[in-house]
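I opened this notebook to keep track of what I looked up in the structure, starting with pairs of charged side chains.

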Amino acid sequence: ETQYVYNMHVNAHGKVDKITKVWHSAWAAAQVGWTPPTSIPIDAEQLFHACESGKGWHECMHYCTHDAVFTAQAEPLKDIKTMHGYAEWMKGIAVVAMPGSRYELNAQSFDPKTSTATFFGTFRGTHTGHLHGFPAPTHKSMETQYVYNMH
């Protein structure tokens, strides 16, 4: 037995124009002996959560190589070249500049052919803390979406 939910959007004419099925397909497939979809490597998922919650390099180092490279196409991150540097930068943002910030994991996937894990998230926070190198607290809130590709 498996359970699922349909989330349907109905347009102004009363017709369904979008449908999403929410279903634990990996569990259902395993019950009948099918090969479940490839799952996200646990280290990649743990790295995502440790980084986004501001745990810093002390926690992130358990889930990646000591010399893991970091790249971003974002001005504030242009000089950060290592995962160590990025984990500490995120710690400053999540814990100091925006204490109480939160994130949401919107979607994730893994491609075994390229050994690439992808995470799509939303980060929310209010700038209330003093962080060296940043402007004084503005008390303004922000929400931003982003994607990580981890190899």
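I began with the side chains of Glu-104 and Arg-124, which meet in a salt bridge at 3.3 Å from N to O, the term standing for a side-chain nitrogen of Lys or Arg within 4 Å of a carboxyl oxygen of Asp or Glu. This pair links distant parts of the chain, with Glu-104 in strand E3 (residues 102–111) and Arg-124 in strand E4 (residues 116–126), 20 residues apart. I noted that strands (E, at least two residues) and helices (H or I, at least four) are DSSP runs, numbered from the N terminus.

I wrote down that this is a predicted model, where local features need pLDDT of at least 70 and side-chain atom pairs count only at pLDDT 80 or more, while totals for chains, interfaces and linings use all residues. Residues are numbered from 1 along each chain as its sequence is written, and side-chain values use heavy atoms, leaving out hydrogens and water.

Next I followed Arg-124 to Glu-143, with which Arg-124 forms a salt bridge whose closest N and O atoms are 3.0 Å apart. Glu-143 lies in strand E5 (residues 141–150), 19 residues from Arg-124.

Is Arg-124 buried or exposed? I found Arg-124 buried at 19% relative accessibility, since buried means under 20% relative accessible area, exposed over 50% and partly exposed in between (1.4 Å probe, protein chains only). Glu-143 counts as exposed at 53%, and Glu-104 is partly exposed at 36%.
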